[in-house]
Amino acid sequence: MKFVVQVRLFPTPAQEAALADTLRLCNEAANLVSGVAWETKTFRNYDLRVHSYGELKAMGLSAQPAQHVIKKVTDAYATVKAQVRARLRKPLAKPIAFRPDAAQPFDDRCLSWQVEARTVSIWTTGGRMKGLRFACSDGQARALAAYRKGESDLIHRDGMWLLIATCDVPDVDVTEPDAFLGVDLGIANIATTGDGERHSGKHLNAVRHRNRELRRRLQSKQTKSAKRLLKARRRKESRFARDVNHRISKSIVAEAARTGRGIALEDLQGIRERVRLRKPQRVTLHSWSFHQLGGFIAYKAARRGVAVVHVDPAYTSQACSSCGHVDKKNRPYQARFACTSCGFAEHADVNAARNIASRGVADWAVSHAADDAA
Ligand SMILES: [Zn+2]
């Protein structure tokens, strides 16, 4: 199971100048390679190396950083290609451009970690730089020391220097669950469990609403400062959403682990379609935020051996979790569930979460019957 650890660097003024110069040069080089890729229509790593290696060396990049620059460019084109194929964006009309401070990957040969001393040694255009200080929590330090693997990204963002490291934790064997904790995802409540635990989206929705209003007001002004303000707000919003998702996933996984249950989530494939039906709230919802929450739950669960199943969410909001009766009229209003057949009443999201839990039980039984037969 992979996850990332982000640490803040504290360079001295001289170190900061070297980092800035390195990032600028790497992105200048990336733009050069991107131009070559575009003009020659070569998007494969090896071909691009043949076409641009000499020029990168002339710019002052040694072999490793040059290869990383080329890989960064081919990865960026591959990502765009995949997004175009998935109809998430239009095809490119010009070469991909990298900002002067765009993230740059470093491998173990260009970057080494001294976790205990909280320093890194990193390749820069001014030579190898040792003793660059960073800060992290004890938990992050343990993860870095035990599980860090592969490349780390150097990023300059909002005036801060950051390193983003990838950690790879071997999965713990999944415990056979006694039952499932169902989780319903939504807008008013981001996540609701079948136990009745509701994680309100009130604060996050307010932040999103405020930013949307601001965006509307500033959109007419195409000034640089307006754009900068919008960008900073967007980042702050996504950081906030990320924190919220971390907190929710932690609480859900801890509760499932404590009670020996698995976790049943809605299959998110259909969430975009489902949300399209609810126009006024549509903009409030970012489906990526649900995907992020699902991802956080999956990796936190894998680390603790908690089973996770994804179930078909159809009619989970209209079906009675007590008697199974399905009826639109079971929802007298948005937050309320009241069964027209058996009289069972509950908060609508809690009722949906319980339906998701029973589907989880059924899906688990079915998939394990298949395992046993195999
Ligand atoms: Zn009922």
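Predicted model: local features only at pLDDT ≥ 70, side-chain atom pairs only at ≥ 80, totals over all residues.

Biologist: Is Cys339 buried or exposed?

Modeller: Cys339 counts as buried, because its relative accessibility is 7%.

Biologist: Which protein atoms are the donors of the zinc ion?

Modeller: The donors are the SG atoms of Cys320, Cys323, Cys339 and Cys342, and they lie 2.3 to 2.4 Å from the zinc ion. Cys323, in the loop between strand E12 (308-311) and strand E13 (336-338), and Cys339, in the loop between E13 and strand E14 (345-347), are 16 residues apart, and this pair links distant parts of the chain. Along the chain, the donors follow the spacing C-x2-C-x15-C-x2-C.

Biologist: What is the geometry of the site of the zinc ion?

Modeller: To judge geometry we look at the angles among the donor atoms, and four donors count as tetrahedral if all angles lie between 85 and 135 degrees. Here the angles among the four donor atoms are 107 to 112°, and the site of the zinc ion is tetrahedral.

Biologist: Now I would like to read a helix. How many residues does helix H3 have?

Modeller: Helix H3, which covers residues 63-85, has 23 residues, and from its first C-alpha to its last it reaches 33 Å, close to the 33 Å expected at 1.5 Å a residue.

Biologist: Which residues of H3 are buried?

Modeller: The general idea is that an α-helix has 3.6 residues a turn, so residues three or four places apart point the same way. In H3 the buried residues include Ala66, Val69, Ile70, Val73, Ala76, Tyr77 and Val80. Among the elements that cover the buried residues of H3 are helix H1 (13-40), helix H2 (45-59) and strand E6 (148-157).

Biologist: Where should I look for a positive phi?

Modeller: After H3 comes Arg87, whose phi is positive, near 60°. Lys41, in the loop between H1 and H2, has a positive phi of about 55° although it is not a glycine. Lys41 counts as exposed because its relative accessibility is 51%. Asp158, likewise a residue other than glycine, has a positive phi near 50°, and it is found in the loop between E6 and strand E7 (160-168). With a relative accessible area of 40%, Asp158 is partly exposed.

Definitions and conventions. Residues numbered from 1 in each chain as written. Heavy atoms only, no water. Helix = DSSP H or I, 4+ residues; strand = E, 2+ residues; numbered from the N terminus. Expected span 1.5 Å × (residues − 1). Buried < 20%, exposed > 50% of the residue type's maximum accessible area, 1.4 Å probe, protein only. Contact = heavy atoms within 4.5 Å. Donors = N, O, S within 2.8 Å, 3.2 Å for Na, K, Ca; no water. Tetrahedral: all angles 85-135°; square planar, octahedral: opposite > 155°, others 65-115°.
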